[in-house]
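Please look through the sequence and the model shown here before reading on.

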Amino acid sequence: ALTLHVPVCSISQLSGHYRYPGANRFDGAPGMFIIHSSATKGKDSEEDSDDDSTLDVDAALDENVTMSSMYLENLFATDADITGITDDRIKEAKTNPLGIDVRTTKNGSMEKKVFLDWTNHFISQLPSDQGRDKEPAFSLLDGHNSRWDLSAVLNMMMNNVYTFYLASHTSIWSQPNDAGSNKKMHGEIEKSTDQVNKGIDTASVGYLNGIIFTAITSFIENEHKMLEATGTNNATDGWCAVGLHPADPEGCQLWSSAIATMGRFRRRGNI
């Protein structure tokens, strides 16, 4: 069996809308962020530093990001003709129809330095009425170690985005994506994989990207159709299930189930 680790960082919006430049939809949840592994095994030799005493946010934001073209194959239309086009949105619709971004780490997992890049990706794709000198935006994140990067948090704040961290080890019932859209996205990846030749022992980055591109496209299109037809989709269901939208601290489905389960464990003497 071929086992692969390619994190796809998905963002949802409580409205249920997704940004989709290729369909001329620019107001919605920012595009997905893909992390490829640059090595077959092993972790970076240098661990992320927690020392923020010499932090230089401006210098960190000015770093140039270089990416081997192999990691971009089948995700971007590199041969798109944008000659004479001055509108950045039209350019993006032609060259990056899904509005995604790509990075690599040695083990293919999110790290603090890459998380700073993710905040830039998030900020650059905020709805037109949110961001610096506009309406504020709020970001809800889990407590993974990579999220605790001061330069990334300050970058968000400087752009009128305020970050809230969910309680540690609660994301299965407190995170909207885990409660809604992630399962649907996994299903689309499985469906996309079933449509390609699986009689291989190794897979190129381009092969994997093709699967991911098809899955993301289908996911966004189906979520949009469901929202138009019913007024809800997997994203809105997830925000509702965790009690964040509409705000319902008393009756939210997943928190209530989790609390009830903890009570049963306590009565058995397991806590």
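## Basis of the model

The model is predicted: local features require pLDDT of at least 70 and side-chain atom pairs pLDDT 80 or more, while totals for chains, interfaces and linings use all residues. Residues are numbered from 1 along each chain as its sequence is written, and side-chain values use heavy atoms, with hydrogens and water left out.

## Overall make-up

The protein contains 10 helices and five strands. These elements are DSSP runs numbered from the N terminus (helices: H or I, at least four residues; strands: E, at least two).

Of its 271 residues, 39% are buried. Buried denotes under 20% relative accessible area, exposed over 50%, and partly exposed in between, with a 1.4 Å probe and protein chains only.

## The three-stranded sheet

Three strands form an open sheet in the order β1-β2-β3, with mixed pairing. Its edge strands, β1 (8-9) and β3 (101-105), each pair on one side only. Two strands are taken to pair if DSSP finds at least two bridges between them.

Strand β2 (residues 33-37) runs parallel to β3, and five bridges connect them. Ile35 stands opposite Arg103 in β3.

## Aromatic pairs

Seven aromatic pairs are present. Rings of Phe, Tyr and Trp (its six-membered ring) pair if their centres lie within 6.5 Å; planes under 30 degrees apart are stacked, over 60 edge-to-face, and the rest tilted. One of the pairs, Tyr18 with Phe219, is edge-to-face, at 5.3 Å centre to centre and 75 degrees between the planes. This pair links distant parts of the chain, 201 residues apart: Tyr18 belongs to the loop between β1 and β2, and Phe219 to helix α8 (residues 205-230). Both Tyr18 and Phe219 are buried.

An aromatic cluster is formed by Phe115, Trp118 and Phe122.

## Salt bridges

There are six salt bridges, each defined as a side-chain nitrogen of Lys or Arg within 4 Å of a carboxyl oxygen of Asp or Glu. In one of them, the closest N and O atoms of Asp142 and Arg147 are 3.0 Å apart; Asp142 and Arg147 are both buried.

In helix α7 (residues 181-194), Lys184 and Glu188 lie four residues apart, about one turn of the helix, and form a salt bridge at 3.6 Å between the closest N and O atoms. Glu188 also forms a salt bridge with Lys191, at 3.4 Å. Glu188 counts as buried because its relative accessibility is 2%, whereas Lys191, at 40%, is partly exposed.
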